[in-house]
Amino acid sequence: FAQAADAPLVYFANEPANPKGEAILVPKDSKIKSIKDLKGKKVALNKGSNVHYLLVRALEENGLKYEEIETAFLPPSDARTAFEKGAVDAWVIWDPYLAEAQKQTGARILLDGTGLVHNREYFLTSKSFAKKHPDILDIVIEELEKEVRPSCRCTTRLFCQ
């Protein structure tokens, strides 16, 4: 969205697909057992994000219309609070919030992105920094590949020429 709006950003690396890295969660004791059970329920999510797309795809695949659920557009920290207090029936979220909620609250995954979305992560920088410091971005990518994200892919040269 930012790039489409001409924000001065470019991506310099991306990760391979990780569809299990985002999911629709319900409380451990929820009576909701399938996506169809979300009809008429309140679902928390971050508006315009990857999980927003996951929710749309999950509803489509299960014959529900977007208008048949109630959305609560909340950033992750507020959504977590609403989820724990029972103010929402489900929460669509990504890692690490997903894993934390499962571990700390016993939340159940109703559905993850498998077969619905790719869920990729992109690493961004400003256009001016990318043009002035491609060498630094190369170092960042090398470190990501070695230590943190062994499957990162460099796209630096696409925008630095």
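**A loop serine and a helix**

Mentor: Ser30 sits in the loop that joins strand S2 (22-26) to strand S3 (42-45), and everything I say about this residue and the rest of the chain rests on a predicted model. Although Ser30 belongs to a loop, Ser30 is classed as buried, because its relative accessibility is 11% and the cut-off for buried is under 20%. A polar atom of the Ser30 side chain lies 3.0 Å from the backbone nitrogen of Ile32. Along the sequence, Ser30 and Asp89 are separated by 59 residues, yet in space their C-alpha atoms are 8.0 Å apart.

Turning to helix H1, which covers residues 50-61, we can check its length: its 12 residues, at 1.5 Å a residue, should span 16 Å, and the 17 Å between its end C-alpha atoms agrees with that expectation. The buried residues of H1 are Val51, His52, Leu54, Leu55, Arg57, Ala58 and Leu59, and these buried residues pack against S2 and S3 as well as strand S4 (70-73), strand S5 (90-94) and strand S6 (108-112). After H1 comes Gly63, which has a positive phi, near 75°.

Terms used. Residues numbered from 1 in each chain as written. Predicted model: local features only at pLDDT ≥ 70, side-chain atom pairs only at ≥ 80, totals over all residues. Heavy atoms only, no water. Helix = DSSP H or I, 4+ residues; strand = E, 2+ residues; numbered from the N terminus. Buried < 20%, exposed > 50% of the residue type's maximum accessible area, 1.4 Å probe, protein only. Polar contact = N/O pair within 3.5 Å; in protein donor to acceptor, adjacent residues only side chain to side chain. Expected span 1.5 Å × (residues − 1). Contact = heavy atoms within 4.5 Å.
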